[in-house]
Amino acid sequence: MKLINTIWEKLGSIQLTFYLITLMVVDLTTGFFFLKAHPHLFQPLNDTGFIKWATTYAKSNPYESAWLFILIFLMTILSVNTFACTTQRMILLVRHHGFADQKIRFILKLSPHIMHYAMLIMLLGYLVSYLTSQAWESNVLLPGKTVRLPGSSCQVRLTDLAIDYYQGKRLVHMQDRGIDVRAALCIQCEKGKEPVTGILGYNRPIGFRGYSLHLKDFAPKSKSGMAIRKYIQFTIRKDPGTGFYFTGMILFTIGLLLYLTNWLTARN
Amino acid sequence: MIQNSFLLAALFYLLSFFATLANKKNLTAVLLVGGLLANLCSVYFRCRQAWPMLPLYQAPFFLPLFFGVISVKVAWKDHATRKNILLILSGLSWLAAFFPNDHYLPFLHFKSILAHLFFLFGITGRAFFLLSGILAWQILKQRKEEGSEGFTLKDVRRSVIWGYFFLTLSIFSGAIWSYLGWGLPIVWDDPAITTAMAAWLYYSLYLHLHLISFTTVKSRPWFALFGAVWVTVFSWLPDMGRFMVPIIFIY
């Protein structure tokens with residue numbers, strides 16, 4: 001029992017945090033140079049899962065990609081360290097203050113711990129995302145045509161494609177070029193059932209049963225020039241980590257705002 | 001107009017630095033306000049040229065404005081700090097004028113409020129970190145001149161906390177934008193992702209320094225100073241282009 005307590009205390013050591021973060025900063029700085037020098041090596045991480053990338057691109061370029069593996073290793077230890085450290089302090093805080101008295105003060109004092117747990121949830125989200133997410137790139141749809149959602153019986157149909165072309169004079173490089181794209185999609189899984197509809201655009205994905213559809217390209221881009229058939233190109237993704245990292249971000253922001261409030265009120 | 005208004009701002013900043021060297025406080029104030037206004041014009045024209053999209057590689061032109069605005073109150077507290085702030089402000093703006101990288105055109109993914117928030121929060125965060133570095137430098141100098149009263153570690157911490165707040169908001173805006181635009185938690189096309197993460201971790205550590213027994217109070221200003229230099233070099237320099245003489249000096 002004593003040994004377990006010692007290990008638990010050592011794992012939550014703030015000194016360990018110091019060394020880990022220092023090493024991570026050095027590692028990320030090294031990563032900056034590798035990412036700048038070899039963008040082609042890391043870009044596929046956007047499309048393939050981490051394991052696929054690690055067994056192909058990283059395996060053939062171990063020297064250039066080593067910093068990313070070191071970062072993941074350090075981040076794993078930092079996660080354990082953060083969990084142990086913040087849990088130890090939370091236990092102390094609850095023991096010494098209790099919930100009954102000075103509720104607001106107590107909640108404000110919880111702020112760093114909220115941020116720490118939120119960071120862990122975010123990291124868990126990234127881990128789930130890079131290990132389990134799937135992407136199907138370059139799906140092309142013409143008006144009236146359908147594409148099947150991978151791994152399901154659902155069909156995605158492009159019902160309408162509206163493109164607004166820039167007609168002003170202010171944006172010189174956008175003259176007569178598409179500035180707003182709205183692709184009306186209809187997703188049907190079973191015949192006879194009400195289909196799901198949505199508008200797909202840049203920075204405006206459509207979410208459906210764990211899938212998300214993201215617009216990648218469209219045509220015709222320009223109002224003038226050669227006549228090109230209307231189409232959209234989009235990416236289908238299935239990322240179970242999304243919920244985790246967005247929950248983590250919301251929690252972290254709440255914690256940060258509480259921390260700021262605590263700091264500002266303590267200062268005054 | 002975009003280039004000239006920025007050059008005018010850089011000239012005003014330089015003159016305000018010389019005015020502060022000559023101990024002309026009112027003239028410094030007038031020139032600094034002139035510089036900030038000219039910088040604001042330049043920033044307005046840059047945004048107008050790309051709106052509703054985010055103009056690319058503009059950080060070096062926005063940073064002097066944001067840094068100047070948030071530093072005004074601090075600069076007026078003490079002559080030596082004012083001198084340092086104006087020197088940095090002037091240096092940043094002249095470097096931006098001679099090493100521009102603002103000729104890239106934005107594309108449709110950059111038409112998002114989140115892209116703008118990502119950029120603006122990021123610049124604000126960097127400006128606060130830069131200010132924390134200057135304040136830390138002042139504290140280190142004060143220690144040599146014993147008995148002098150000036151800035152304290154609380155001032156540095158305040159600046160770091162605000163910087164950290166804005167950097168966090170910037171990273172989160174960027175992450176949401178990345179998801180909405182590409183469906184990815186991180187877009188691995190930009191090396192700046194690593195420096196943003198490193199800066200965030202570094203300042204997370206700074207906020208924990210008081211809990212770490214082997215880091216003394218004396219070491220904290222050094223930590224803040226190093227952070228400011230690091231953030232400036234790794235977050236700001238990649239946005240700069242090759243050496244280019246502004247057109248006004250050619251014709």
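Modeller: A contact means heavy atoms within 4.5 Å. In chain B, among contacts between residues at least 6 apart in sequence, 81% join residues at least 24 apart. The model is predicted: local features need pLDDT of at least 70, side-chain atom pairs count only at pLDDT 80 or more, and totals for chains, interfaces and linings use all residues. Residues are numbered from 1 along each chain as its sequence is written, chains are lettered from A and ligands numbered from 1 in the order in which they are written, and side-chain values use heavy atoms, with hydrogens and water left out.

Colleague: Which secondary structure does chain B have?

Modeller: Helices (H or I, at least four residues) and strands (E, at least two) are DSSP runs, numbered from the N terminus. Chain B has nine helices and zero strands, in the order α-α-α-α-α-α-α-α-α from the N terminus.

Colleague: Why does the radius of gyration of chain B agree with a compact globule?

Modeller: The radius is taken over C-alpha atoms, and the globule rule is 2.2 Å times the number of residues to the power 0.38. For 251 residues the rule gives a value near 18 Å, and chain B has 19 Å, so the two agree. The C-alpha atoms of chain B fill a box of roughly 55 × 50 × 25 Å along the principal axes.
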